[in-house]
Amino acid sequence: MMNELKEKYSVVGKRIPKIDAAQKAMGRAEYIQDIKLTGMLYGKLLYSKYAHARILKIDTSKAKALPGVRIVLTGEDVPEKMVMGFYKDNPPLKKGKVTSFRDEVAAVAAVTPEIAKKALDLIEIEYEELEGVFDPEKAMEKDAVLVNETHKSNVLKLPWKLHYGDVEKAEKESAFVVEDRFTTTWVTHCCLGTSGAIALFDANDNLTVYSNTQIRSLAQKDFLESLKAMGLKNKRVRVITPIIGGGFGSKLDTYAYEHVAILLAYKCHKPVKILFDRVEEFKATSTRQPTITYIKQGCDKNGKLTFRDIRMILDNGGRTSWGATTPSVMMMPITTLYRLDNVRFDAKCVYTNNTYSQAMRGYGNPQATFAIESTMDMLAEKVGIDPLEIRRINQNKSGDESPQGFKITSCGLDKCFDALEKELAQEGPKEKGVGVGIASLIHVGGGARIYKSDGCGVILKMDDFGKVDVFTGGSDMGQGLDNITVQIVAEELGLLAEDINVVHSDTDVCPWDVGAHASRSTFVAGNAALGAARKVKEKILEFGSKFLDASPEELVLKNRTVFVSGNPEKSMPIDKLLRKAHFSPGGTMFMADHFYDPENENLGKDFKGNMSAAYTFGAHGVKVKVDEETGKVQVLEYVAAHDVGQAINPLLLEGQVYGGAIMGLGYALTEEVIVKKGEIMNANFRDYKLFTAKDAVKIKAPILETYEKAGPFGAKGVGEPGCVPTAPAVANAIYDAVGVRITDLPITPEKVLAALKAKKEK
Amino acid sequence: MTTNISFLLNGDEISYEIKDHWTLLHLLREEMGLIGTKEGCGNGECGACTVIVDKLAVNSCLYLAVEAHGKIIETIEGLASTDGTLHPLQQSFVDNGGIQCGFCSPGMIMASKALLDENPDATEDEVKHALAGNICRCTGYVQILESVEAAKENLSGRDQ
């Protein structure tokens, strides 16, 4: 059936190159780095000199006196109610106390970036250094130093706790139980295009912000709140996103640089641009949430899972952003990766004087999956069965409902396992130091109702020439929503890809969308575009039936033509029909709007609810060689098998999987923001070890198609999954190769060597 | 301190009065408005600013503009033909998914061009070596390497 569907399509399912790729290949794409406005000033931020200190005195007089400086602001100049983040503990400029090295304490606007930088050096701040706390487990102790003094304890008041079934009873009845402690550290997005924003006000104090945000509509709301705090009520905010040089979750919240640019622009009556340099990008943007995980899992004598019990401690850093909400997504693999009845989870977010975290590809899922999938292998060993076998025994299936209330409408996990089995089949005897590891994943593939709305709006209009403009709420930061939108609309309207133009950059013309997160764009923005296209199609067919002497049901749109089914001679080019509609007496033009909000649910008080309209699955397998002399792990083969529903564009889909898997390999093996007493020690690409072309691994990415009824043309989301199961697959492979289990990421040669040494001494 | 320099930029003779501390990247982007050359780190670590100077790929953020005097310089803006036809490398990056967010792409393409101009039959290892200084966070390099490989075939086809 699926192949028949595919053959029916002219545009969907095709490997159409990224719509904006030629522009980018020619160096013509404009990023925030490339935008200069007339009269624009350059803003710079000054960060704290200490991880934890009181600000006793700030003297900005010398900075203000520097020629070319237009304004210097400190925390005292920030309106009381201008506070960032969902926990509202983060004013854009801090006063009174700093709680980490990345706390912004002052800002400058000047006529050149060089003068602004010089002015920062002239700001004199007197601090009283305070004792800091850098270990979240120590920060939980009763006599620990308080990071946020308005809070009675360092533990945030957040509700991350659930218990379904009876874990204690199930543990007693289990034939095998394993437990361990897993830790993950800070890693960062490393978008090649650094963060930045330009703010400007018009004569009526309406605000425009150019920002490479992933959340145009929610950023608009945040900026409106800042305006209100500044005493500017009932003003308009327009958010424009230039081409975005990578996102990966880094731009899912609004940051100090945006709000400070707004303040500076308002006070100077000029556009103000703040653009991060690479050091700032490392030090002042948010990382993936680090975790400490205590996990216990059990199974019966055959390997069927009986319970899962997880306690987590999250280093929240000195301020709060979305990192503190990642447990809401960790719950998904914890309760629903494999069939399970008894499950308990408790996560505590703890203030420390470290940097704070945010969203990063996977949103907590990679951390949780690392612990779950490592212990799955430990269980398999205890039972005495193969790692693939234990996963097959417990695999999710279409039609399942998990204890958290997740309804699994389509699940291709079994096909993913088949693909791994085939691709990683071992020939001949096991080589010394070589091992194979696998790990699975579940992720939201049909949006995720984290916010009150999970919707996306689309406005679609056709012109006199058979072309279409699609104004979508969705965002393209390189992942390819442009193509998905083009292909869906072209398919539905019988046009060619080149006939469709997508506008996704401006809140003045694009409808609302909750943001490019949760692998939701293809599913949600895709469905919104499909809905609008269907409405226009209906109008075209109705109008066409007048001229072709047939009912609308008999008409087909294909190859820019409307024709009668089974009688293609009776036809009319679509552009001609559009002109007829427009230029007839009482003329009409074809346009439509559509707001799609998936049928998913907010989690209830007990965290039950069908968070996503569909779930996506995958399984990764990796073959590694471990050098027992040096501890170095070499990746020999990598297979990333994903169930994606239907692939709207396999070329781009593979790109998401490859990119995700390599990002996951970095997470597994090399990447680490090194933090000493709150200070980041490796804020550059020499010391923050990303995979380079030299480390590139040949990845096989079989696309295992199921058909997701709720998805546009059967598709599910796949933006994040590629990096979710990578680290446990690698850890499992290392164990298979040399018999040591590494529970702390990244798995550096030092850790492997230490574990090998400890094993020998046993 | 200022200096007058002359150089050949994408085939055009250019004379420019520059400040001595300017980098070539600053001259191209900030003074001449050639935004195709990107700044990813300003420290010679990411390769986003790669241009070709006298046939060699260089990080223009580390290359002083005064050094450009008398040199032949190629930037991404000079790659496509005047009729708009993309260079085979550009076309190949487009066709093979070598471009996602696109911020590394100009540098990646220039580094690939410097290699293939010199060594049209570069092996995969040689390609990997030549691109080792160009960071990409989106693609995992898989489709970038495929793009260069495909371009190699197209380029050799073009010469025949």
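A residue counts as buried if 20 or more other C-beta atoms lie within 10 Å of its own, as exposed if 12 or fewer do, and as partly exposed in between, with the C-beta atoms placed from the backbone. The model on screen is predicted, and local features need pLDDT of at least 70, side-chain atom pairs count only at pLDDT 80 or more, and totals for chains, interfaces and linings use all residues. Residues are numbered from 1 along each chain as its sequence is written, while chains are lettered from A and ligands numbered from 1 in the order in which they are written.

**Chain B**

Five helices and five strands make up chain B, and from the N terminus on they run β-β-α-β-β-β-α-α-α-α. With a radius of gyration of 15 Å, taken over C-alpha atoms, chain B is close to the 15 Å that the globule rule (2.2 Å times the number of residues to the power 0.38) gives for 160 residues, so it is as compact as a globular protein of that length. Along the principal axes, the C-alpha atoms of chain B fill a box of roughly 45 × 35 × 25 Å, and 55% of the 160 residues count as buried.

Next, pick B:Ile5, which lies in strand β1 (residues 2–9) of chain B. Is B:Ile5 buried, exposed or partly exposed? B:Ile5 counts as partly exposed, because it has 19 C-beta neighbours inside 10 Å. Leaving out residues up to four places away in sequence, B:Ile5 touches B:Tyr16, B:Ile18, B:Ala65, B:Val66, B:Ala68 and B:His69, where a contact means that the C-beta atoms of two residues, placed from the backbone, lie within 7 Å.

**Chain A as a whole**

Switch to chain A, which has 19 helices and 31 strands. Its radius of gyration is 27 Å, close to the 27 Å from the globule rule for 762 residues, so chain A is as compact as a globular protein of that length. The box filled by the C-alpha atoms of chain A is roughly 85 × 75 × 50 Å along the principal axes, and 60% of the 762 residues count as buried. Among contacts in chain A with a separation of 6 or more, 80% join residues 24 or more positions apart.

Colour chain A by domain, using bounds that come from an automatic or database domain assignment: domain 1 (32–130 + 195–275), domain 2 (287–449 + 603–761) and domain 3 (455–596). The centres of domain 1 and domain 2 of chain A, taken over C-alpha atoms, are 37 Å apart, and 17 residues of domain 1 of chain A are in contact with 19 residues of domain 2 of chain A.

**A strand residue and a core residue**

Zoom in on A:Leu41, found in strand β1 (residues 41–47) of chain A. A:Leu41 is buried, with 29 other C-beta atoms within 10 Å. Although A:Leu41 and A:Leu264 are 223 residues apart in sequence, their C-alpha atoms are 9.2 Å apart in space. Beyond four places in sequence, the residues that A:Leu41 touches include A:Arg70, A:Val111, A:Cys268 and A:Val272.

Then select A:Val730, which, with A:Ala261, A:Val489 and A:Ile734, has the most contacts inside the largest nonpolar core, of 297 residues. Such a core is a set of buried Ala, Val, Leu, Ile, Met, Phe, Trp, Tyr and Cys residues joined through C-beta atoms within 7 Å. Not counting residues up to four places away in sequence, A:Val730 touches A:Gly437, A:Val622, A:Val624, A:Leu665, A:Ala668, A:Leu669 and A:Ile747.

**Helix α12 of chain A**

Show helix α12 (residues 387–394) of chain A, in which A:Pro387, A:Ile390 and A:Arg391 are buried. Those residues cover an arc of only 100 degrees around the axis, as given by the directions from the helix axis to the C-beta atoms, which puts them on the same side of α12(A). To see what covers the buried residues of α12(A), display elements including α11 (365–383), α13 (413–423), β18 (434–444) and α18 (726–738) of chain A.

**Where the chains meet**

Finally, show both chains together: 44 residues of chain A are in contact with 44 residues of chain B. On the side of chain A that touches chain B, α2 (21–25) and α17 (650–669) of chain A each supply at least two residues, and α17(A) gives the largest share, eight residues.

How values were computed: Helix = DSSP H or I, 4+ residues; strand = E, 2+ residues; numbered from the N terminus.
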